[in-house]
Amino acid sequence: MANSNSAWGIEIGAYALKAIRLEREGDEVQVTDFAVIPHKKVLTTPDTDRDELVRLALGQFTSQRELEHERMIMSVPGHAAFARFAKLPPVEPKKVPDIVRFEAVQQIPFAIEEVEWDYQTFTSDDSPEVEVGIFAITRERVQQRLSLYGELGVTPDALTLSPLSVFNAMNYDLAGSKTDGPVVYLDIGTQATDVIVVHEGTCWVRTFPLGGTHFTEAIAESFKLSYSKAEKLKYEAATSKYAKQIMQAMRPVFSDLLQEVQRSIGYYQSMHKGAELETMIGLGSTFKIPGLRKFLGQQLQMQVQRLDEYKRISVTGREAASFAESAVNMATAYGLALQGVGLASIDANLVPVPMLREQLWRGKTKWFAAAAGLAIAAGAVTFYQPLTQSRHLNQGGLPPQVQRTISMGNELQGELTTLQEEGDIGYMAENMVRLADYRWVWGHLMHDISQALHSPGPQPELLSADLDEIMSIDPEERRFIQLRNLQSEYRYNEEGDTRRIAVTMNLELTHRDAIAFLNETVEDWLRDHAERDHVPYRIVDGSVRTVVSDLERHEVTDDGELEGRGDGGTGEGRGRSPGDRRPAQGGGGGGEDGGGGGAMSGSRGGDPGLAAPGSGGGGEDGAGRGAGRDSGGRSGWRGATGRPTGDDRDALEALDEMAPLPDRPSIYPPGAEVVHVPVRFEVELLEPMRLRDEPEAAD
């Protein structure tokens with residue numbers, strides 16, 4: 001990229017548009033203008049037209065600044081692109097591009113023709129190895145962004161990843177500062193978090209999908225507030241009279257954030273042996289949440305600071321306070337502007353090459369126009385004779401030989417198109433083959449859940465059909481866990497190229513110390529059986545946990561119902577899966593209090609799955625067949641949708657009149673306390689089972 005004396009760095013985040021204009025003097029820069037334009041709504045707000053909000057903010061910015069002859073560098077968030085790092089063997093510099101292209105084909109999870117990509121090499125004086133960072137974005141995504149910007153007349157000279165811009169900003173701003181070892185920059189955005197490790201001019205990046213919006217959603221769910229009110233309450237936690245309840249609501253997200261940061265640091269250290277990470281600097285508005293910095297510092301055993309000001313740029317005058325207030329959010333725009341003035345350590349550009357070529361030629365158009373005028377005048381006589389001959393030829397029409405050649409070419413082109421359409425079945429065949437991948441997973445998963453729930457060793461009386469024997473066991477002593485419903489979410493992790501299933505078991509039990517009981521039985525079983533031979537997945541280390549924040553306690557009334565819960569349950573889980581961390585809707589049927597043997601309800605409302613020995617009845621789900629309560633409180637048959645329709649409804653009503661069935665008895669005595677609580681874990685899928693001679697899942 002050619003150097004320029006001034007440039008705008010523009011980041012369009014989920015909360016606001018942030019921009020900085022820098023002017024360069026030698027190796028120093030100064031801020032000549034900046035802007036922070038909040039969106040009308042946070043872009044992650046449900047049912048929001050994101051593109052329209054971006055148009056409004058960008059339109060406001062372009063109307064307030066003269067940008068016609070300005071250089072503009074813009075960013076894409078880390079979670080919308082790819083960043084991969086690999087070490088290359090010592091090779092001649094001229095061979096590096098070929099090796100990098102080979103690595104790019106291997107590392108990028110899309111066909112290389114479907115992405116725009118760039119790379120940066122890092123070398124060290126004390127090592128012959130060359131480390132390369134490969135950065136890519138799908139052409140579909142980049143074209144969508146550029147088209148949206150183009151509607152407002154904005155054509156960026158470069159497009160790069162936000163975490164790379166943060167690296168450029170910090171590497172420039174702290175140049176000359178003494179640091180012992182690598183420094184971790186934790187940029188917590190609205191939708192995702194970037195972990196950026198900087199060490200001696202090298203960069204390593206990992207992005208994971210957890211950000212400020214997940215803290216907001218946790219508060220909104222806990223307090224039953226709208227998203228906008230929850231967002232406001234998040235930053236007022238320190239002064240709110242509900243501070244304790246707010247922090248309790250956000251606690252699961254704190255834990256998830258810590259787990260992902262630990263995973264990132266561990267992965268970096270596995271690639272860079274001997275690296276000691278002792279310093280972390282936090283960026284982004286989310287770092288203003290009270291207690292977050294202290295929590296991360298204690299858990300990670302690191303010195304955690306928050307970026308509040310920059311060392312090499314500042315704003316004076318009446319705008320100084322406004323810039324200082326926004327500094328924690330301006331690092332990306334700072335780095336983008338540095339790239340625009342030629343002071344960036346990483347100069348990656350993901351703007352398509354044809355567009356860059358068009359910009360280059362557009363800038364030279366005025367010079368070409370003058371040269372073209374002279375050439376036309378000088379060559380007018382030379383062109384006159386051929387043009388005259390062409391006119392005479394056109395008057396007589398095309399010669400027959402030319403017409404036949406054109407006709408034959410059209411026929412051949414038509415035949416080629418037909419053959420291509422008939423032979424190109426896209427990805428249908430591949431998708432049909434992949435249907436067999438992981439076909440063993442659900443059998444093994446259902447078996448493992450069944451065994452985990454059976455691990456407490458329920459008393460034999462609880463497995464009998466004799467109600468008196470069941471009632472003879474004190475509820476507080478019952479080693480008995482029921483599965484109310486089961487939820488799952490499949491999630492592909494682009495960063496690690498792994499496939500995972502997040503599982504939530506909504507459980508019911510009456511043991512005296514429910515949480516300790518679950519930890520010593522179900523959780524321990526899942527941890528002890530995390531990875532085994534002939535099982536197509538492993539249970540992710542650290543993912544098994546009881547969601548205490550979603551625990552509900554119910555008292556059994558005199559008529560055997562659970563106080564505070566409608567007859568038949570709700571059929572909804574309150575937990576959030578670790579994948580997208582939003583309330584998981586649906587999933588299985590409502591928890592009808594059952595007796596000994598029950599069915600395990602599926603997350604999509606299919607027929608009941610494996611019976612869970614000792615797990616108690618998981619309650620009939622919406623599609624379960626067999627006895628289940630209807631809205632009138634009596635047992636009845638249900639069709640494939642879980643509700644009788646048409647003639648079936650009339651037949652059931654007639655049958656109830658002729659031979660009414662008694663209500664299902666309660667297995668709990670009045671006054672007993674029943675606990676409902678989710679237990680979650682993740683499994684990471686191993687290689688596809690269709691390539692292995694794998695036995696059927698255990699019965």
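At 4% relative accessibility, D448 counts as buried, where buried means under 20% relative accessible area, exposed means over 50%, and partly exposed lies in between (1.4 Å probe, protein chains only). D448 sits in helix α15, which spans residues 441-454; helices (H or I, at least four residues) and strands (E, at least two) are DSSP runs numbered from the N terminus. Leaving out residues up to four places away in sequence, D448 touches W525, R532 and Y537, a contact being heavy atoms within 4.5 Å.

The model is predicted: local features need pLDDT of at least 70, side-chain atom pairs count only at pLDDT 80 or more, and totals for chains, interfaces and linings use all residues. Residues are numbered from 1 along each chain as its sequence is written, and side-chain values use heavy atoms, with hydrogens and water left out.

For the protein as a whole, there are 18 helices and 21 strands. Of the 699 residues, 46% are buried. Among contacts between residues at least 6 apart in sequence, 67% join residues at least 24 apart.

F287 is found in the loop between β12 (279-283) and α8 (292-300). Its contacts, again not counting residues up to four places away in sequence, include L186, I188, L292, L296 and V304. Y235 is 52 residues from F287 along the chain, and the C-alpha atoms of the two are separated by 9.9 Å.

Next come the charged pairs. Side chains of opposite charge can pair when their charged atoms come close. The structure holds 24 salt bridges, each defined as a side-chain nitrogen of Lys or Arg within 4 Å of a carboxyl oxygen of Asp or Glu. One of them joins D256 and R545, with an N to O distance of 3.5 Å. D256 lies in helix α7 (residues 243-271) and R545 in strand β17 (residues 545-546), so this pair ties together parts that are 289 residues apart in sequence. D256 is buried at 8% relative accessibility, and R545 is buried at 18%.

Another salt bridge links D550 and R680, whose closest N and O atoms are 3.6 Å apart. Because D550 is in the loop between β17 and β18 while R680 is in strand β21 (residues 673-685), the pair ties together parts 130 residues apart in sequence. Both D550 and R680 are buried.

The bridge between D524 and R527 has its closest N and O atoms 3.1 Å apart. These two residues are three apart in helix α17 (residues 514-528), which means they are separated by about one helical turn. D524 is partly exposed at 29% relative accessibility, and R527 is partly exposed at 38%. Elsewhere, R500, R538, E682 and E684 are linked in a network of salt bridges.

On the surface, E555, D558, D559 and E563 gather in a patch of negative charge. Patches are made of residues with over 30% relative accessible area and no salt bridge, like charges being joined within 9 Å and nonpolar side chains (Val, Leu, Ile, Met, Phe, Trp, Tyr) within 5 Å. Lys and Arg count as positive and Asp and Glu as negative, while His and the chain ends are not counted; the place of a charge is NZ of Lys, CZ of Arg, CG of Asp or CD of Glu. E563 lies in the loop between β18 (552-555) and β19 (628-629), and E563 counts as partly exposed at 48% relative accessibility.

Conventions: Areas by Shrake-Rupley, 256 points an atom, 1.4 Å probe, with all protein chains shown as cover.
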